[in-house]
Amino acid sequence: MSINELTNSAIALLKKLIETPSFSGEEHDTAQLIWDWLMENGVSTLSRKQNNVYAHNKHFDPSKPTLLLNSHHDTVIPNKGYTRDPFQAEVIEGKLFGLGSNDAGASLVGLLATFVSFYDTLDVSHNIVIVASAEEESSGPNGLNSMLTTIPAIDVAIVGEPTLMDLAIAEKGLVVFDAEVYGTAGHAAHIKENNAIYNTIETLQWFKNKKFDKVSETLGETKVTVTQIQAGEQHNVVPAKVSLVIDVRVNELYSNTQIAEILQEAPCDTITPRSLRLNSSRIPKEHPLVQSGLSLGRTAYGSPTLSDQACLSCPSLKLGIGDSTRSHMADEYVYIHEIEEGITLYIELLKNFLHNEENK
């Protein structure tokens, strides 16, 4: 099959995916569409775990390192700003509209097409594994993270998310903290020096002024933001505590565990991370996979948004079709020409990487 034919087939699959609801945890039908498409395109090494569909190249060699191609087929719930049917795949003036078209359906079908194009290739430096994963949008337990003990060990990965096909060589991690500041409850008519709300002023000021020493060249500073605050139920009662939620976006120079240790210094009575598993990601600019992309005229940058890269401990590159600013927007769309150009770029990048004698 020619690249043009493969691209047209991938676009047809994307239209079917758009028209098949696949909210996180409810991706059964889109998983079947992906399975059927791979089967129709000659892939016989298919497996499925819950709503994750995965396969490896036909000539898998355990002595070679393994490259993972990954993107997700779940979507968020469409927001109320939609003026179009989110489940109608419609092309207007070169734009393919529909929920999940940009995030991350275009990248997914692009990587599926790329996998098919290399599926039967013999002389390559790496094995190739593809995972069309579930539950990315909800960071659920049955997504890519659940696959890492099922698929072969991964040495390097491409995660498909919209980056305008530029090279996101680092991605910020995320830790959300729940904190509490205590005081003495009592009637508002009486003088109470130990007022939990007033005690929180120092806490808020500490978070506002908190700076981390290590600043990344690609991701900048680790950023701390208080995003929620809750206290009190009646106008005439001083509450016993104030509850805070703190959102921390972590650059690649810190682990989430280190961030949790540092924030124990905050003037709170308690501060607890909800999860430490969504770590930052990076791949050296000197890595041959990045160099392959740079040789094709792509730009390297740091991404502030979170993806399934957070599940991976190996070097990983976020690279995908579409524009991140369109993700989760009303009347989501991706340009047809972006899909066509993206598939060509994916294939050229892997040609350079997989046929590089230094990688063999």
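Two strands are taken to pair if DSSP finds at least two bridges between them. Strands (E, at least two residues) and helices (H or I, at least four) are DSSP runs, numbered from the N terminus. The model is predicted: local features need pLDDT of at least 70, side-chain atom pairs count only at pLDDT 80 or more, and totals for chains, interfaces and linings use all residues. Residues are numbered from 1 along each chain as its sequence is written, and side-chain values use heavy atoms, without hydrogens and water.

An open sheet is built from 4 strands in the order 11-13-9-14, with antiparallel pairing. Strand 11 (223-230) and strand 14 (270-273) are the edges; each has a single partner strand, so one side of each lacks a neighbour in the sheet. Strand 9 (residues 173-182) and strand 14 run antiparallel and are joined by 4 bridges. Here Ala 179 lies opposite Ile 271 of strand 14. Helix 4 (residues 196-209) packs on the sheet and touches strands 9, 11, 13 (241-250) and 14. Contact means heavy atoms within 4.5 Å.

A helix pair was also examined. Helix 2 (residues 28-40) packs with helix 3 (residues 101-118) at an angle of about 25°, their axes 11 Å apart. Helix 2 is therefore roughly parallel to helix 3 (angles under 35 degrees). Axes are lines fitted to C-alpha atoms, for helices over the stretch in contact, and angles run from 0 to 180 degrees between N-to-C directions. From helix 2, Ile 34, Trp 37 and Leu 38 meet Leu 108, Leu 112, Ala 113, Phe 115 and Val 116 of helix 3. The residues of this contact comprise 8 nonpolar, no polar and no charged.

Methods. Angles under 35 degrees count as roughly parallel, over 145 as roughly antiparallel, 65 to 115 as roughly perpendicular and the rest as oblique. Ala, Val, Leu, Ile, Met, Phe, Trp, Tyr, Cys and Pro count as nonpolar, Asp, Glu, Lys and Arg as charged, and the others, Gly among them, as polar.
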